[in-house]
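Try each task before reading its solution.

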Amino acid sequence: MAKYFGLSDTEVKNSRAEYGVNILTPPKKDPVWKQYLEKFQDPLIIILMIAGALSIFISLYEYICLNKTTTVFFEPVGIFIAVFLATGLGFIFELKANKEFSLLNQVNDDESVQVIRNGKPCTIPKKDVVVGDILLLSTGEEIPADAELLEAVSMSVDESSLTGEPVCRKTADKSQFDNEATFPSNHVLRGTNVMDGHGVAKVFAVGDATENGKVFEAAQIDDSVKTPLNEQLDGLGDLITKVSYGFAALIVIGRLLMYFISDPSFVWVDFIAYILQTVMIAVTLIVVAVPEGLPMAVTLSLAYSMRRMLQTNNLVRKMHACETMGAATVICTDKTGTLTQNRMTVQLLDFYGLSDINGEKGALIRESLACNSTAQLEYIDNEKIKPIGNPTEAALLLWLYDQNVDYREVREQTVFVDELPFSTMRKCMATVIRSVSGKNMLYVKGAPEIVLSMCAEIGNNKSREEVQEQLLGFQTQGMRTLGFACQELCEGEKGFENGQITAKRLVFLGVAAIADPVRPDVPAAVRECLDAGIQVKIVTGDTTATAREIGRQIGLWSDSDGEANFITGPEFTALSDEELKSRVENLKIIARARPLDKERLVKALQGNREVVAVTGDGTNDAPALNAAHVGLSMGDGTSVAKEASDITIIDNSFASIGRAVMWGRSLYKNIQRFILFQMTVNVAACFTVLAGAFLGTDSPLTVTQMLWVNLIMDTFAAMALASLPPSESVMLETPRDRNSFIIDEPMRVRIIGVGGAFFVLLIILTWVFEHSDIHAMPDLFGVSLTSANGLSEYELSLFFTIFVMLQFWNMFNARAYATGESAFHFKGCGAFLFISALIFFGQIAIISIGGRFFNVVPLSIADWMFIIVATSPVLLVGEAARLKSSRANAKWRS
């Protein structure tokens, strides 16, 4: 690579001032007021508003023509207040959820880019790239800005995001330009990906001035995939909607029948007012019953989970991945950087017969390590050194640094001729240079067995058996090994052609043993996944001995495991589909695997009805990441891998994958808790209002009261139950069946049992209030029943408050559902407690000051205390059932 100085700090500042920052301006959104008005496009809200408006006209007639007081306006006005309150709060929480999704763009703009500034290679955030910057581009990277190539080695770029062309050859050589290409052959464009080779380019456009900026649509979380949970929730919503319409129709029929039966006289104004009230009750019941809060609960759960998952190093790129990760039954993981620390350190470098790195023969070592490499070192204040590029290659440069050899000087003393980039298929790379000796030298580096097989001789007259024994000794210690070879090329000899090494006189120079310790938290994380019923399979390009040793260190491989649990890439490829299907479940480790092996493994597991998550960091991993139910890219992986993935593991650690499973399972549980709570309220409300209609009583819940119940049940409950923290106890369960219905048998029992109990209690109260004259709660103990005399405002207030408090206590039961913990365990539940307090004090406020708007009158402190104590057994009975269940589980475990 030629010597480039790049921009100075002053030039960077001036360029940014002149050409702007490298950030794309997102398209303008509709103003907030317009987004809010969209909430009123719901047909049910429109019907309710129309009925409310007609009710106001009736009230005007009663006020003007019948000389009634202004109190006739209270209920219709209260309806509008309740509607605006419900839609307003729902809108606010949706805005909050959408704000969370903007994290993706921010993280994308902060991804690292390699540049040369002040004469030194360094890494900067993508958003800090300016016009004039010198970019260092490598395979798999996303191009951060429009730039002109200064150098290119075997470079091809995926321009499908702009032109639809997946492979475009790029070159800095004008004689090789493609005149029919959409964009010049020496131009690379923002948002496209380097698929092969590498190069150096000078930026000429950033941000909105790039070709990508001209056609930009804001990147967003992909929620286009319909998961089984989405389909279940849609089906559940449709079922509830149809049932609620049936209830509404029956209520209209029942109230009309009872109107004509109970009141033989007929007054048109009264009848029209009654019809409007009946329609509003029926429509409001539909509003209460239809789970419009369910999408909000899911959205809030996802937004909350995505934000918290980001804090635990999981960047969710596709929304369905949150839920699907919780159903994972198999995790196929890489070794390097995921199970290990990706801190490569050269433990031993043995170039046979070459011990003096600074001598004349030492030039072979210096050039082999410094020139046959795409890595760089960033020197920070001449003291701290930061590796840039492939960690394994960077470890070799750091070894040179420790020997007081500056790789930059070695490169400057030689002339680059040609390069064959590393690929996972070849498992080696090669470079031709004009050496300091004036000769053309071919240097090869890669998997030792591959490099050794190409060589005609071995340095210092070592035998192949000695080399293989030496390598096995390193690999059984879990070390990564590399082999090195070289050949002096004759005039006109190339060394490699058409992507293959053609040299016939290669000399095997020696080997390097590179240590990459297992991450300290990985053994516990692997054990957690195994205990959670999730299979873990290692898929690595490393050797058999290295892969087994790492498997042993993390607790996956044991002495009892044998050949049925292990396979190499070539053996894997040789298996027929039927043979693979029978073996795949038992496999724990695949060594010397190729990217296509990983994709085939994923598909074989899916054929056995497994839910598969797979990790990948390279461009060639994209097919496997796309094929998996959840693709997990690594934070330092290529942009191609990240684009193909569903979640990016920012810190590359397997422990973060375990946390993603915990969040996915907890997300599902939170949605179940919301459904449990909502369906219980539905059963109680629908049957109570329906029974009231056919019993000839006034509706025990007025329109405004039901709208407040809807606000509690949908908006507030969605907030409270969606924001619950994850529970580690979910990792003690086996993976759920991804296609099982979200309402399981225990939920069905609770919904019918608790909802039915509430209905019976409430309908008894309605009948007692209808046939007695209650002035204080203690009157219920000595009540004397009379003929039906309707419900007073005081009795309506009592009934309304009892109904809400029953649901209030039941919300605590829903929160504790399937946690194995007490409902009084509030660690990490600050949001839940806040919303619970909001509901409780909101009810007090409505009863105290709601007046005619809500058809209520204030209750005494004694009434409140009586109601709180009388309804609290809902929670206490639930707590007793949980205690009994936890003791039974503890006894079973022991």
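Buried means under 20% relative accessible area, exposed over 50%, and partly exposed in between (1.4 Å probe, protein chains only). This is a predicted model: local features need pLDDT of at least 70, side-chain atom pairs count only at pLDDT 80 or more, and totals for chains, interfaces and linings use all residues. Residues are numbered from 1 along each chain as its sequence is written, and side-chain values use heavy atoms, with hydrogens and water left out.

**Exercise 1.** Find how many disulfides (cysteine sulfur pairs within 2.5 Å) the whole structure has.

*Solution.* The search turns up zero. Take C455: its nearest cysteine sulfur belongs to C486, 8.7 Å away. C455 is buried at 6% relative accessible area, and C486 is buried at 6% too.

**Exercise 2.** Classify the ring pair F247 and F687.

*Solution.* Start with the rule: rings of Phe, Tyr and Trp (its six-membered ring) pair if their centres lie within 6.5 Å; planes under 30 degrees apart are stacked, over 60 edge-to-face, the rest tilted. Here the centres are 5.0 Å apart and the planes at 85°, so call it edge-to-face. Next, accessibility: F247 is buried at 12%, while F687 is partly exposed at 36%.

**Exercise 3.** Do likewise for Y352 and F508.

*Solution.* With centres 6.2 Å apart and planes at 40°, this pair is tilted. Both Y352 and F508 are buried.
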